[in-house]
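Dear colleague,

My notes on it follow directly after.

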Amino acid sequence: MLPELSIERIFHRELDSLPLPPEGSWIPHPTSGGRSTPLAALVVAAAVVLVVGAAMTIREAGDAAATGRRGVNTAPLINVPRPTCLRGACNVYRSDAFGYGIVLPENWRVAPAIPGRPAPTGQLDRVEFTSQTSAEWIHAVGVDLVVPWDVVVEVRERRGGLARDFAQADGCGANPCVAGETTLSQSPAYAASWPISAAIRMQAYYVERGDRMIVLRYVTGPGSEGPYGVSERTLQQIVDTFTLD
Amino acid sequence: MTEERWAELYRVEFPRIYRALLAVLRDRDRALDALHDAFVAGLRKPPAHDADLAGWLFVVAIRSTRRRLRRLPLLPLEWVNSSSGDDEIEAALDRMEVGRLLAGLTERQRAMVVAQFYLGLDHREIARHFGVKTGTVSATLAQAKARMRAEVRNAS
């Protein structure tokens with residue numbers, strides 16, 4: 001038998017040596033606990049509004065696949081957002097503002113924002129996930145706004161539009177397009193795939209979410225494998241982990 | 001219980017519960033998130049008795065981490081194997097005898113072992129907090145101890 005009293009002493013001696021976080025972070029909100037719950041809720045709501053507003057203001061836009069625009073200024077970027085760490089890993093990204101989560105392979109990251117790039121009308125949020133380093137990504141986006149082998153999640157205003165309408169506006173209508181109903185995070189979704197060029201193909205998923213449209217998309221090609229061994233299977237695995245609150 | 005009183009009790013218990021959660025979850029972010037969730041849960045509906053506070057906070061926090069996990073789909077196996085945890089805490093725990101013993105247990109076993117040996121809860125209290133039968137706690141702890149004994153034997 002293990003000597004339990006000794007074990008208890010060892011537990012206290014060893015675990016009591018683990019470092020604590022700064023005391024200011026012990027309680028979730030910047031409050032002493034005396035704040036009333038409704039007021040705390042208002043503070044949280046205000047914070048969300050600020051975050052959304054800031055995201056709308058500073059988030060780079062450019063639906064590269066949809067517009068095909070080129071020649072974007074790719075100045076060095078700062079303030080790369082870090083994924084939220086959950087599940088003991090730091091490769092799970094959560095957007096509390098827009099209520100979704102996505103799991104990324106270990107070496108993936110959020111692509112840097114491009115300052116000065118205006119958001120298209122109706123775009124509320126856009127996050128691009130990439131396996132490339134910031135320097136590699138900036139080089140890639142400088143060549144073409146479409147960065148193949150990345151995964152992009154966008155939140156757009158629906159304005160009454162259906163998933164099919166959005167897919168067509170993005171390019172599904174003007175190209176030989178393969179489209180159909182599917183599910184994403186147990187929600188009905190519209191999947192569309194169309195060629196951007198002879199060697200590059202767009203895959204997009206549209207989920208109607210109240211007055212918003214969630215769009216997940218990636219571009220493959222040329223070839224069957226991107227940087228760091230990313231394949232379409234990798235991208236599909238990432239899309240499959242997408243979760244809506 | 002007033003919010004002020006709740007915050008005061010929470011602050012007193014924070015170091016012990018946070019460290020207990022570190023030992024179970026082996027990740028500072030998860031431990032802090034879980035304790036924050038427990039604090040908010042206590043604001044909404046505090047535990048009936050102050051005396052149960054440590055066990056209550058611990059178990060509510062553990063449950064919160066499971067709820068967070070359920071909100072995400074399962075990871076492909078190769079991603080789980082390659083995912084990076086909290087290296088600093090992992091390293092600190094691996095330097096400890098206790099950390100090495102706990103590392104070989106499941107998260108549920110770790111939670112019950114820590115509840116017993118660090119938080120000082122008995123089998124009945126653990127059963128009540130975890131919502132399981134006392135016999136289940138006894139069996140889980142027996143399995144955990146057997147694993148820890150095997151780890152001690154292997155190490156020596």
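Which residue of β9(A) stands opposite A:M202? The residue is A:V219. Please bear in mind throughout that the model is predicted.

**The sheet of chain A**

β3(A) is joined to β4(A) by two bridges in the antiparallel sense, and A:V110 has A:F129 of β4(A) as its bridge partner. β4(A) in turn runs antiparallel to strand β5 (residues 151–157) of chain A, with six bridges between them; here A:V127 is opposite A:V153 of β5(A). β5(A) is then connected to β9(A) through seven bridges, again antiparallel, and A:V155 lies opposite A:I214 of β9(A).

Two of these strands deserve a remark on burial. Strand β4 (residues 123–130) of chain A is largely enclosed by the rest of the structure, because six of its eight residues are buried. β5(A) is mostly covered, with six of its seven residues buried.

For chain A as a whole, the secondary structure comprises six helices and ten strands. Of its 245 residues, 38% count as buried. Among the contacts in chain A with a separation of 6 or more, 59% are between residues 24 or more positions apart.

**The helices of chain B**

Two packed helices are described by the angle between their axes and the distance between the axes. Two such pairs in chain B are set out here.

In the pair formed by helix α1 (residues 3–25) and helix α2 (residues 28–44) of chain B, the axes come within 9 Å and cross at roughly 150 degrees. Angles over 145 degrees count as roughly antiparallel, and α1(B) and α2(B) are therefore roughly antiparallel to each other. The crossing of α1(B) past α2(B) is right-handed. By class, the residues of this contact comprise 13 nonpolar, one polar and three charged. Those contributed by α1(B) include B:W6, B:Y10, B:F14 and B:L25, while those from α2(B) include B:R28, B:L35, B:F39 and B:L43.

In the pair formed by helix α8 (residues 123–130) and helix α9 (residues 134–155) of chain B, the axes come within 8 Å and cross at roughly 110 degrees. Angles of 65 to 115 degrees count as roughly perpendicular, and α8(B) and α9(B) are therefore roughly perpendicular to each other. From α8(B), the contact involves B:H123, B:R124, B:I126 and B:A127; from α9(B), it involves B:T134, B:T136, B:V137 and B:S138. The residues of the contact of α8(B) with α9(B) divide into three nonpolar, four polar and one charged.

Finally, helix α7 (residues 107–117) of chain B has eight of its eleven residues buried, so it is largely enclosed by the rest of the structure. The buried residues of α7(B) are B:R110, B:A111, B:M112, B:V113, B:V114, B:A115, B:Q116 and B:F117.

With kind regards

Key: Residues are numbered from 1 along each chain as its sequence is written. Chains are lettered from A and ligands numbered from 1 in the order in which they are written. This is a predicted model: local features need pLDDT of at least 70, side-chain atom pairs count only at pLDDT 80 or more; totals for chains, interfaces and linings use all residues. Two strands pair if DSSP finds at least two bridges between them. Helices (H or I, at least four residues) and strands (E, at least two) are DSSP runs, numbered from the N terminus. A residue is buried if 20 or more other C-beta atoms lie within 10 Å of its own, exposed if 12 or fewer, and partly exposed in between; C-beta atoms are placed from the backbone. Axes are lines fitted to C-alpha atoms, for helices over the stretch in contact, and angles run from 0 to 180 degrees between N-to-C directions. Angles under 35 degrees count as roughly parallel, over 145 as roughly antiparallel, 65 to 115 as roughly perpendicular and the rest as oblique. A crossing is left-handed if the near helix is turned anticlockwise from the far one by less than a right angle, and right-handed if clockwise. Two residues are in contact if their C-beta atoms, placed from the backbone, lie within 7 Å. Ala, Val, Leu, Ile, Met, Phe, Trp, Tyr, Cys and Pro count as nonpolar, Asp, Glu, Lys and Arg as charged, and the others, Gly among them, as polar.
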